Amino acid sequence: MAFSAAFETDPYLTSKAYCLTSAFWFAVATSVGILAASYLIAPDFMANISFLEFGRIRPIHVNLVLFGFVTPGLLAAAHYFVPRLMRTQLYSQKLGLITAVLWNLAIAAGVIGLSLGHTKAREYAEFVWPVSVLIVIGFGLISHNLIMTVRQRQEPILYVSVWYVCAAVVLTGITYFIGNVVWEPRTGALLGISDAIVLWFYGHNIFGLLLTPLSLSVAYYVIPRVTRNPLYSHSLSLLGFWGLLVVYTHIGTHHLLQVPVPTWLKVIAIVDSIAMVIPVMVFLINIWYTARGKLGEIHADIAGKFIFTGTVMYFFVSIQGSMMALPIVQRVTHFNNWVVGHAHIGVLGFAGMTALGGMYYILPRITEKPLYSRFLADLQYWLVLIGVVGFTIVLTIVGLIQGNAWLNGETVYRVLPEIHLYYVLRLALGVFVVMGAYIGLYNILRTLFFNPGVRS
Ligand code: HEM
Ligand code: HEM
């Protein structure tokens with residue numbers, strides 16, 4: 001009885017569930033990242049332990065950071081601010097909680113499957129068919145809950161964060177269905193080149209239509225509140241929204257410039273990857289002008305600090321990404337650790353930092369108590385920041401060494417001793433990030449369940 005009453009009485013149950021989900025999988029995902037980085041230094045150390053093979057732990061790491069850590073962290077914030085912006089309650093806390101549980105079951109099943117060797121072997125779409133179905137259902141339920149919340153709104157104006165959240169969950173439900181070829185349960189794939197095109201349409205949109213819009217929605221909500229400045233321009237925010245939808249959605253083929261896909265598709269992907277500068281800069285100008293003169297306030301607020309750093313990372317990853325879409329650049333950067341560096345700036349530095357900031361913004365509000373430890377949150381900020389900046393430097397250098405060796409016709413095995421030291425450095429930097437993840441898990445658990453703080 002008490003349990004079902006909690007559905008009605010706690011207006012933040014869903015956000016709490018997603019905070020917990022995100023913090024837990026962040027710790028697991030980074031632990032697996034450490035295993036993957038160790039494997040690349042000493043493959044023999046873990047040899048013959050099938051569930052620790054690199055081919056299994058790499059997709060576990062990647063799927064966990066995307067769907068276990070970052071997405072739920074951003075969704076935690078979205079389930080808090082969409083009802084507030086609409087001046088209503090979340091349509092159904094019960095549905096929200098059930099969806100969060102279902103989501104966790106899907107991720108756990110996917111990870112167990114991967115560790116046992118069950119995979120579709122398609123990047124970002126490795127989870128086997130039943131898990132893909134559960135995730136599509138998950139997106140459907142999240143969309144239903146949030147859209148019904150918007151429908152029952154008291155506020156006529158839809159602030160840009162609401163646009164981004166609704167677009168992200170609805171469109172990703174669709175692209176996830178398409179990219180995982182859910183209508184082909186036997187293979188979970190199409191044939192040949194068509195499969196590559198469809199896969200990268202989807203894979204790219206995990207960043208472009210899920211992580212990016214959800215992260216921008218959080219930044220648009222939190223930065224004006226932390227700085228107590230109104231948003232610099234509502235027109236720019238809508239220009240950025242439509243710019244993102246028009247330009248970002250169909251450039252996945254920039255992952256396939258070395259593949260015999262039709263040239264017109266490559267041209268579109270390259271041109272629009274450069275055009276991405278428009279929505280990116282429109283967002284950044286808008287948010288940085290909103291924060292103008294208030295860097296002190298941002299520094300003093302842990303959520304502001306995480307999210308503002310996320311916007312700086314967004315700048316770097318996007319400028320770098322536009323460059324990487326040029327064939328002349330990709331001749332050096334493709335097929336090596338440069339791309340892995342880019343991936344960590346984007347998914348951890350931009351979207352991950354923003355997710356952490358979003359959770360630290362809502363936690364005191366959904367528990368009505370101060371954060372358990374501001375010191376630990378600050379410590380986590382620095383550990384993650386040092387880790388991701390370090391990753392960027394180290395992996396970029398390795399990428400350049402590998403890329404130039406490749407261009408010069410050098411064989412792979414002769415390059416390996418040269419990059420060994422950098423792999424050790426990456427592992428060391430990973431220890432910073434994994435410590436940050438466990439500290440965050442502890443802080444969030446204490447804030448949610450064992451917080452002696454005075455109710456504010
Ligand atoms: C203007 C924005 C961006 C552009 C034009 C862009 C461009 C690119 C390109 C061309 C690649 C393929 C590189 C290669 O295979 O040689 C790539 C890979 C990648 N990008 Fe971006 N990027 C942008 C922003 C982002 C953001 C914001 C994120 C994360 C939220 C991100 C995450 C990734 C990831 C994870 C990969 C690796 C994919 C793989 O597994 O091969 N990118 N990006
Ligand atoms: C303990 C910290 C971490 C370590 C040691 C680590 C290590 C690794 C390793 C070894 C890979 C495989 C690279 C390869 O195939 O050569 C990888 C891939 C990846 N990691 Fe991490 N990682 C860590 C944390 C994170 C976090 C927190 C995120 C995001 C929030 C993240 C996002 C990714 C992504 C998106 C890829 C795929 C890259 C690509 O396909 O290009 N990692 N990571």
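I take a residue as buried when its relative accessible area is under 20%. The model I am reading is a predicted one.

**Entry 1: T447**

I looked up T447 first. T447 has a relative accessible area of 1%, so I note this residue as buried. I find T447 in helix 16, which covers residues 412–449. Next I checked where its side chain points. The side chain of T447 comes to 2.6 Å from the backbone oxygen of N443. I then listed what T447 touches, leaving out residues up to four places away in sequence: L363, T367, P370, L371 and Y372.

**Entry 2: iron of ligand 1**

How many donors does the protein give to the iron atom of ligand 1? I find a single one, NE2 of H342, at 2.2 Å. I place H342 in helix 14, residues 337–367.

**Entry 3: iron of ligand 2**

I turned to the iron atom of ligand 2. Its protein donors are NE2 of H61 and NE2 of H344, and I read distances of 2.0 to 2.1 Å. H61 sits in helix 3 and H344 in helix 14, so this pair ties together parts that lie 283 residues apart in sequence. I record both H61 and H344 as buried.

What is the geometry of the site of this iron atom of ligand 2? I count six donor atoms with angles of 85 to 179 degrees among them, and the site is octahedral. For reference, I note that the ideal angles for six octahedral donors are 90 or 180 degrees.

**Entry 4: shell around ligand 2**

I went on to the surroundings of ligand 2. The ligand is surrounded by 25 residues, and the closest are R58, H61, E123, H344 and G430. By class I have 17 nonpolar, five polar and three charged residues in this shell.

Which helix gives the largest share of the shell around ligand 2? I find that helix 3 does, with seven residues. I also listed the helices that each supply at least two residues of the shell: helix 2 (13–41), helix 3 (54–85), helix 14 and helix 16.

I checked side-chain N or O atoms against the atoms of ligand 2. For H61, such an atom is 2.8 Å from a nitrogen atom of the ligand. For H344, I again read 2.8 Å to a nitrogen atom of ligand 2.

Terms used
Residues are numbered from 1 along each chain as its sequence is written. Chains are lettered from A and ligands numbered from 1 in the order in which they are written. This is a predicted model: local features need pLDDT of at least 70, side-chain atom pairs count only at pLDDT 80 or more; totals for chains, interfaces and linings use all residues. Side-chain values use heavy atoms; hydrogens and water are left out. Donors are N, O and S atoms within 2.8 Å of the metal (3.2 Å for Na, K and Ca); water is not among the atoms, so sites may look incomplete. Helices (H or I, at least four residues) and strands (E, at least two) are DSSP runs, numbered from the N terminus. Buried means under 20% relative accessible area, exposed over 50%, partly exposed in between (1.4 Å probe, protein chains only). A polar contact is a pair of N or O atoms within 3.5 Å; within protein, one must be able to donate a hydrogen and the other to accept it, and residues adjacent in sequence count only if both atoms are side-chain atoms. Contact means heavy atoms within 4.5 Å. A residue is near a molecule or strand if one of its heavy atoms lies within 4 Å of it. Ala, Val, Leu, Ile, Met, Phe, Trp, Tyr, Cys and Pro count as nonpolar, Asp, Glu, Lys and Arg as charged, and the others, Gly among them, as polar. Four donors count as tetrahedral if all angles lie between 85 and 135 degrees; four count as square planar and six as octahedral if opposite donors are over 155 degrees apart and all others between 65 and 115; anything else is irregular.
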